[in-house]
Amino acid sequence: MDYDTQLKVQTYLDGELSPVESREIANLLARDRDAVALLGELRNTRQALVGTEIGVLLPESREFFWSKIERDIKFQEKRDAQSQAVSAFSLGDFFHSWRRLFVPAAALSALALAAIMTLSSGSHVSLVETAVADPGAFTYHDFSTGTTLVWFSYPAEDNDNSSVAK
Amino acid sequence: MKRTTLVLCGVVFLLIQTLSAVSVHAADMQLEAVLVWGTNEQKSPDPKHKPVGADVKTQLQQLPLKWTNYFEVNRVKFTVPPSGANKVPLSEKCQLDVKTHGEDKIEVVVFGKGKQVATRNQELPKHGTLILGGDSPGTNCWLAIIKRVE
């Protein structure tokens with residue numbers, strides 16, 4: 001089963017496929033044991049994750065977090081516009097506009113640095129990522145203990161207990 | 001003159017051998033692997049399994065895992081030379097193939113019943129821990145905890 005089909009099985013489980021694609025996957029499930037196993041494993045994983053979803057807390061309020069992104073986008077747009085018009089600027093105008101941009105950017109950087117330092121001296125910092133190279137796994141980093149957890153959600157291949165432990 | 005040259009060459013040869021042996025040994029990565037069975041049951045189905053130590057249990061409880069009890073299946077200490085490899089059998093069914101790339105990079109391949117189950121490449125600094133895991137049939141899980149001792 002190729003990667004696209006695996007994704008479709010997952011999307012089928014989430015109920016997000018179109019009726020035509022949904023029928024295709026239903027037909028596939030009727031004849032392919034691997035697809036059935038994958039569907040079962042995905043369902044088990046989803047059930048296992050219910051109630052144990054990892055809460056990644058932002059060190060600031062949601063509004064402030066998104067406002068930073070908005071400010072950053074506006075800053076990028078302004079900078080692009082200025083870089084196009086820079087030839088028309090006099091040297092004085094350039095330094096003036098640079099100061100206007102630099103001061104809030106420096107303040108934002110200082111805030112970000114302070115937040116990072118506070119977090120790094122804190123007791124529990126973690127990060128969740130999905131491995132791009134391995135779509136069947138997700139990774140959780142706990143920086144406070146130097147622990148990395150990699151969880152593999154490949155379909156179980158046998159029925160007589162785990163293929164790994166025991 | 002000829003004898004002196006021979007002795008000198010011998011001494012230099014021995015010195016080089018000793019230095020290279022010392023440097024290789026010093027750079028060996030010392031690791032410990034623990035195979036753990038996670039379950040919500042109070043007892044492991046295998047009476048030989050013993051509950052994990054308090055330190056391991058605390059470490060696992062800080063991770064986003066849903067299981068309440070963890071049992072140690074086996075524990076193995078081993079070393080891997082720089083840019084070398086080592087095969088570490090953890091149980092009848094489970095084996096780890098551990099390779100090192102440079103001083104801190106590690107590649108772990110988990111084999112279950114001879115089949116490749118999982119692969120992971122990452123930095124593993126001193127005293128760092130890499131935990132590979134997955135669901136087992138039923139509501140259980142397996143965990144391979146690899147700690148870098150030195």
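In this predicted model, one cavity of 30 Å³ or more is present, where a cavity is a set of points, on a 1 Å grid over the protein atoms alone, at which a 1.4 Å probe fits but cannot get out. The largest cavity has a volume of about 130 Å³, a volume being the space filled by probe spheres set on the grid points, which are joined across faces, edges and corners. Rolling a probe the size of a water molecule over the atoms shows where empty space is left.

The lining, meaning residues that have an atom within 4 Å of a point, includes A:Thr45, A:Leu49, A:Phe138 and A:Trp151 from chain A, and B:Pro64, B:Leu65, B:Lys66, B:Trp67 and B:Asp135 from chain B. Helix H3 (33-49) and strand E3 (147-152) of chain A each supply at least two residues of this lining, and H3(A) gives the most, with three residues; helices (H or I, at least four residues) and strands (E, at least two) are DSSP runs, numbered from the N terminus. At least three lining residues come from each of domain 1 (3-49) and domain 2 (126-161) of chain A, with domain bounds taken from an automatic or database domain assignment.

The second largest pocket has a volume of about 350 Å³, and a pocket is here an open set with protein on both sides within 12 Å along at least five of seven lines. Of the 13 residues that line this pocket, A:Arg71, A:Phe75, A:Leu101, A:Pro104 and A:Ala105 are the closest to its centre. Helix H4 (62-85) and helix H5 (91-120) of chain A are the elements that give two or more residues to the lining, and H5(A) accounts for the largest share, seven residues.

The table lists the two linings by class, where Ala, Val, Leu, Ile, Met, Phe, Trp, Tyr, Cys and Pro count as nonpolar, Asp, Glu, Lys and Arg as charged, and the others, Gly among them, as polar.

| Lining | Nonpolar | Polar | Charged |
|---|---|---|---|
| Largest cavity | eight residues | two residues | two residues |

In soluble globular proteins, nonpolar side chains tend to be buried together.

Chain A has five helices and three strands, which follow one another along the sequence as α-α-α-α-α-β-β-β. Chain B comes to two helices and nine strands, read along the sequence as α-β-β-α-β-β-β-β-β-β-β. Buried residues (under 20% relative accessible area, with exposed over 50% and partly exposed in between, for a 1.4 Å probe and protein chains only) make up 22% of the 166 residues in chain A and 45% of the 150 residues in chain B.

Within chain B, strand E4 (residues 85-89) and strand E5 (residues 94-101) pair in the antiparallel sense over five bridges, where pairing requires that DSSP finds at least two bridges between two strands. B:Ala85 has B:Lys99 in E5(B) as its bridge partner, and a hairpin joins E4(B) to E5(B) through four residues.

B:Ser83, in the loop between E3 and E4 of chain B, is not a glycine but has a positive phi of about 55°, and its relative accessible area of 59% makes B:Ser83 exposed. B:His127, in the loop between E7 and E8 of chain B, is likewise not a glycine and has a positive phi of about 70°; B:His127 is exposed, at a relative accessible area of 57%. B:Thr139, found between strand E8 (129-136) and strand E9 (140-148) of chain B, is partly exposed, with a relative accessible area of 45%, and its C-alpha atom is separated by 7.6 Å from that of B:Asn40, 99 residues apart along the chain.

Residues are numbered from 1 along each chain as its sequence is written, and chains are lettered from A and ligands numbered from 1 in the order in which they are written. Local features need pLDDT of at least 70 and side-chain atom pairs count only at pLDDT 80 or more, whereas totals for chains, interfaces and linings use all residues, and side-chain values use heavy atoms, with hydrogens and water left out.
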